[in-house]
Amino acid sequence: MISFFQFFTKKLRLSNPWRYKVPLLISFIYFMLCVSNVNGKVAALSFFAAITTTIGFMGFGYLTNDLADRKKDMLAGKSNSVSKSSSLEIALLTLLFISLAVGPWFYLPVDETSILLIIEELSLFIIYAFPPFRLKEKGFFGVIVDGLYAHLVPGFLASWTFFLVGSKSYDQFAVFALVLCAWQLFSGIRNIVSHQLKDLDTDRASGTRTFVTIHGKEKVNRWLVGLFIPLEVISLIPFLFFIQQEITFLVIAVCVFILVAWQRWKTNTNAETKAKHFTNEFLDRFYIHWFPYVLLAFLAFGQSNLWWLPSLHIILFHPAS
């Protein structure tokens, strides 16, 4: 019987999404703690509740995707974490992940907006993966939906939740949410397009009609370089300018990062394409390795009752490279 830990090992691969997606999501929580005066105990309990619900949403998302792709993955010879699972095992995993996703909200502050976002996130997982909607195979519409459930919705939900934890004391939240959502949508689009380019051969072998299989590798690569990556960078700039209002040394950290990334860009040429090389060094590395630690430094020095967060972040999320 497939266990919770086997599923995470085989599909979530804790060295991949856990350490390459969650750190940025958790950074939005760090920022909301930076700009709010939250009791240390409340912050700690809320943080661990947030980690728990994140595991639940991630697990449910990967589970639904694997369930919907079992037959096609078999045709393509692609690994699928639930290919040999029974109906009972799948039902138990579904119940477990739903419980982990929803359970923490009995502690976390919740309102109508929170409830709508939770329902939206779970619904998007289902309609993206399963017929009759199967939005995964609806071209660019599927790309948009992936950007929503993988980036925009969880980013906004995390931020909104800790805005509520801080008793709505951050009066610039509306502007923060606007620049955050724009950036996360474009970042999500770039990520899923890059992922589909990587999976092009297996998607063709299984007959999966993704945005990339429909339009072709060369055309999509041109759009990636000429449109999707520029939109992500352009939307990131206002977000950083806005954050700079609260964290004054951010500009120094960004300048240092650009210098370091530029050196890596010139010397490391292992990426399969120039676009991938750029996003690896200048975008993903900043999101994963730098931005969370800038916020944690500000948080640790500004609020002594949260001194433990940087150490915990290193233990839970720090990538090996």
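Q: Where is P132 found, between which two helices?
A: In this predicted model, P132 is joined to P131 by a cis peptide bond, for which omega is about 5 degrees. As for its place, P132 is found in the loop between α7 (112-129) and α8.

Q: Is R134 buried or exposed?
A: The relative accessible area of R134 is 9%, and buried means under 20%. R134 is therefore buried.

Q: Is S167 buried or exposed?
A: S167 lies in the loop between α8 and α9 (173-198), and its phi is near 60 degrees, a positive value in a residue other than glycine. Its relative accessibility is 60%, and the cut-off for exposed is over 50%. S167 therefore counts as exposed.

Q: With which residues is T210 in contact, leaving aside its neighbours within four places in sequence?
A: The place of T210 is in the loop between α10 (200-206) and α11 (211-215), where T210 counts as buried because its relative accessibility is 1%. Leaving aside neighbours within four places in sequence, the residues in contact with T210 are K136, Q196 and D203.

Q: Which residues are in contact with F176, leaving aside its neighbours within four places in sequence?
A: Once neighbours within four places in sequence are left aside, F176 is in contact with F31, M32, S159, Y170, F239, F242 and I243.

Q: Is α3 roughly parallel or roughly antiparallel to α4?
A: The axes of helix α3 (residues 22-34) and helix α4 (residues 40-68) come within 12 Å and cross at roughly 155 degrees. Angles over 145 degrees count as roughly antiparallel, so α3 and α4 are roughly antiparallel.

Q: Is α3 roughly parallel or roughly antiparallel to α14?
A: The axes of α3 and helix α14 (residues 274-302) come within 9 Å and cross at roughly 20 degrees. Angles under 35 degrees count as roughly parallel, so α3 and α14 are roughly parallel.

Q: How many nonpolar residues does the contact of α3 with α14 have?
A: The crossing of α3 and α14 is left-handed. From α3, the residues P23, L24, S27, Y30, F31, L33 and C34 meet Y287, I288, F291, P292, L295, L296, F298 and L299 in α14. By class, one residue of this contact is polar and no residue is charged, while the number of nonpolar residues is 14.

Q: Which residues in α13 meet L240, I243 and Q244 in α12?
A: Helix α12 (residues 217-244) and helix α13 (residues 250-267) pack at an angle of about 140 degrees, with their axes 9 Å apart, and they are therefore oblique to each other. In α13, the residues that meet L240, I243 and Q244 of α12 are L250, V251 and V254.

Q: How far apart in space are L306 and V38, C-alpha to C-alpha?
A: L306 lies in the loop between α14 and α15 (309-317), and it is buried, with a relative accessible area of 1%. Leaving aside its neighbours within four places in sequence, L306 is in contact with L33, G40, A43 and L299. L306 and V38 are 268 residues apart in sequence, whereas in space their C-alpha to C-alpha distance is 9.7 Å.

Notes. Residues are numbered from 1 along each chain as its sequence is written. This is a predicted model: local features need pLDDT of at least 70, side-chain atom pairs count only at pLDDT 80 or more; totals for chains, interfaces and linings use all residues. Side-chain values use heavy atoms; hydrogens and water are left out. Axes are lines fitted to C-alpha atoms, for helices over the stretch in contact, and angles run from 0 to 180 degrees between N-to-C directions. Helices (H or I, at least four residues) and strands (E, at least two) are DSSP runs, numbered from the N terminus. Angles under 35 degrees count as roughly parallel, over 145 as roughly antiparallel, 65 to 115 as roughly perpendicular and the rest as oblique. Contact means heavy atoms within 4.5 Å. A crossing is left-handed if the near helix is turned anticlockwise from the far one by less than a right angle, and right-handed if clockwise. Ala, Val, Leu, Ile, Met, Phe, Trp, Tyr, Cys and Pro count as nonpolar, Asp, Glu, Lys and Arg as charged, and the others, Gly among them, as polar. Buried means under 20% relative accessible area, exposed over 50%, partly exposed in between (1.4 Å probe, protein chains only).
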